[in-house]
Amino acid sequence: MQAGQAMQQYETQQCQQVLNQLMAHQHSWPFSSPVDPVALQIPDYFAIISHPMDLGTIKSKLNQGLYAHVDDFAWDVRLVWNNARVYNTPNSDIHHMAQNLSDVFEDLFKQIRTALEERTWILQN
């Protein structure tokens, strides 16, 4: 795949399914849109988090074909959870929710990997 080229349709569909499952999860609401430091009264957010990311932005990037590979998609999803764990204390609800969703994502992403490997094997044989 050449640089700047979007993922194949099958890969995009797999990522969309995972993202839809994450966004439907009961703990996803804090991660569905960009953090608003003013509304949340956390003025130091951007001093601590230099690369903000949220599930809504990921959905938009996925729909626009801005991911070249499933690993790019995974990087952004992991960034959401990592940012939440960095900014929030380990005993906070947001930290726990991020960890829970991170675990859910890793299980779902393993399924993507397996499906893509199986598809590649079938197409090559």
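Visitor: Why is Glu 106 called partly exposed?
Guide: This is a predicted model, and Glu 106 has a relative accessible area of 25%. Buried means under 20% and exposed over 50%. The value for Glu 106 lies in between, so Glu 106 is partly exposed.

Visitor: What makes Arg 78 and Glu 106 a salt bridge?
Guide: Their closest N and O atoms are 2.7 Å apart. The cut-off is within 4 Å. The pair meets it, so the name salt bridge applies.

Visitor: Which parts does that pair tie together?
Guide: Arg 78 lies in helix H4 and Glu 106 in helix H5. The two are 28 residues apart in sequence.

Visitor: Why is Asp 76 called buried?
Guide: Its relative accessible area is 7%. Buried means under 20%, so Asp 76 is buried.

Visitor: How do you know that Asp 76 and Lys 61 form a salt bridge?
Guide: The N to O distance is 2.7 Å. The limit is 4 Å, so the pair counts. Asp 76 is in helix H4 and Lys 61 in helix H3, 15 residues apart.

Visitor: Is Lys 61 buried or partly exposed?
Guide: Lys 61 has a relative accessible area of 22%. Buried needs a value under 20%, so Lys 61 is partly exposed.

Visitor: What makes Arg 113 and Asp 71 a salt bridge?
Guide: Their closest N and O atoms are 2.0 Å apart. That is within 4 Å, so the pair qualifies. Arg 113 sits in helix H5 and Asp 71 in helix H4, 42 residues apart.

Visitor: How many salt bridges does the whole structure hold?
Guide: A search finds 3.

Methods
Residues numbered from 1 in each chain as written. Predicted model: local features only at pLDDT ≥ 70, side-chain atom pairs only at ≥ 80, totals over all residues. Heavy atoms only, no water. Salt bridge = Lys/Arg side-chain N within 4 Å of Asp/Glu carboxyl O. Helix = DSSP H or I, 4+ residues; strand = E, 2+ residues; numbered from the N terminus. Buried < 20%, exposed > 50% of the residue type's maximum accessible area, 1.4 Å probe, protein only.
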